[in-house]
Amino acid sequence: MQSPIPPIVMTGEQRDNPPRFKAAAVQAAPVYLDAAATVAKAVGLIREAAANGAEFIVFPEVFVPGYPYWNWTMNPVQGSPWFERLYRSSIDVPGPHVDTLRAAARAAGAVVVIGVNERGPHSMGVLYNTMLTIDADGELIGVHRKLVPTWAEKLTWTGGDGSSLRVHPTRIGPLGVLACGENTNTLARFTLLAQGELVHAASYIALPVAPADYDMAEAIAVRTAAHSFEGKVFSVVACSTISPEIVDAIAGDDDEVRKQLGRERSALSGIFGPDGRPVGEPLIDDEGIVYGDIDLAKCIQPKQMHDIVGHYNRFDIFQLSVDNRPRQPITLTHDPVAAPLAPAPPPAPAPAPAPEEET
């Protein structure tokens, strides 16, 4: 059954008095391929951001436990042992590492979005590029798996499905999330906007392995500004950095790869407003936390000019259909755990042979 009306993601009180809050975009490197240590680092950063007044905290893409840079610097055979290392150090959702992050969000009283490498529950070897959304009460309200891994990322991640393209009602307002290159997917972005998104979280990784004429920092800024301006929303974008530890692990004694991984303008984090302009100065390359004050009331007047999910669209001409059904590798016609099959009745006894007639 089709559902043409999206769920209510903003209360009447929030419409009367739109939320105002401080957001934090974390730009940091993971403790590479160490999930426990990276989660511990994330907990510390959540505490730091909350101590500075942040009620919304966004972390980079696959922050736990890191990004597979070897896909770009090695051939698939060379990179295969690294894939196994990543798989072994990735996390389960739900699981103890997620519980730690949930507890940190609850203690901070902040909504947290963080990227993780998620191990698929149905197959040893399946990894998802996943963004977790944790509400301020510590509840895990969103698990978004990146729909399409980008370019060399296809060597690592399985794509997600449309079930996680959802906008979540939170105390900071209607929140949607996308990972890295998904923020260039016009239909994915429109799917969130059409559900009432007013706060957008975009998570990226530093990409020094891009083509020589590609400015990753500028590309992040352009994409973020475009979504904010088109949708008249606030966007919080968080990007990872390249630590010396990552350079040593991936480059080894290869000077060319080492030089490549040290490339400048590979990361940008910040907050952008509904006019497409940054709220404060974005952070480029260096580790740190960018803060910005968000007032959702500032989304109202710009929509009078261009509201692409309202008056500035022609829904009699354009229609978008989204298949939001979860995709599973197998569909069982009967659940043997919930209701075991009754044992088959014993076979009926063979009929007795007819008595022979006497002659």
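Begin by selecting the residues that line the largest cavity, which divide into 8 nonpolar, 3 polar and 1 charged, where Ala, Val, Leu, Ile, Met, Phe, Trp, Tyr, Cys and Pro count as nonpolar, Asp, Glu, Lys and Arg as charged, and the others, Gly among them, as polar. Among those to pick are Pro30, Tyr32, Glu61, Tyr67, Tyr69, Ile205 and Ile246. A cavity here is a set of points on a 1 Å grid over the protein atoms alone where a 1.4 Å probe fits but cannot get out, and lining residues have an atom within 4 Å of a point.

What you have open is a predicted model, in which local features need pLDDT of at least 70 and side-chain atom pairs count only at pLDDT 80 or more, while totals for chains, interfaces and linings use all residues. Residues are numbered from 1 along each chain as its sequence is written, and side-chain values use heavy atoms, with hydrogens and water left out.

The space in this largest cavity comes to about 50 Å³, a volume being the space filled by probe spheres set on the grid points, which are joined across faces, edges and corners. The count is 2 cavities of 30 Å³ or more.

For the second largest cavity, with a volume of about 30 Å³, select Met131, Thr133, Gly142, Val143, His144, Ser164, His168 and Val177. Two or more of these lining residues come from each of strand S4 (127-134) and strand S5 (140-145), strands being DSSP runs of E with at least two residues and helices runs of H or I with at least four, numbered from the N terminus. Strand S5 gives the most, with 3 residues. By class, this lining has 3 nonpolar, 5 polar and no charged residues.

Select Trp72 and Trp151, an edge-to-face pair at 5.3 Å centre to centre with 80° between the planes. Trp72 lies in helix H3 (residues 70-73) and Trp151 in the loop between S5 and strand S6 (168-170), so the pair ties together parts that are 79 residues apart in sequence.

Another selection, Tyr67, Tyr69 and Trp157, shows one aromatic cluster.

Finish with Lys232, which lies over the face of Phe229 at 4.1 Å from the ring centre, the rule being that NZ of Lys or CZ of Arg is within 6 Å of the ring centre and within 35 degrees of the ring normal.

Note on methods:
On a 1 Å grid over the protein atoms alone, a cavity is a set of points where a 1.4 Å probe fits but cannot get out, and a pocket is an open set with protein on both sides within 12 Å along at least five of seven lines; lining residues have an atom within 4 Å of a point. Rings of Phe, Tyr and Trp (its six-membered ring) pair if their centres lie within 6.5 Å; planes under 30 degrees apart count as stacked, over 60 as edge-to-face and the rest as tilted.
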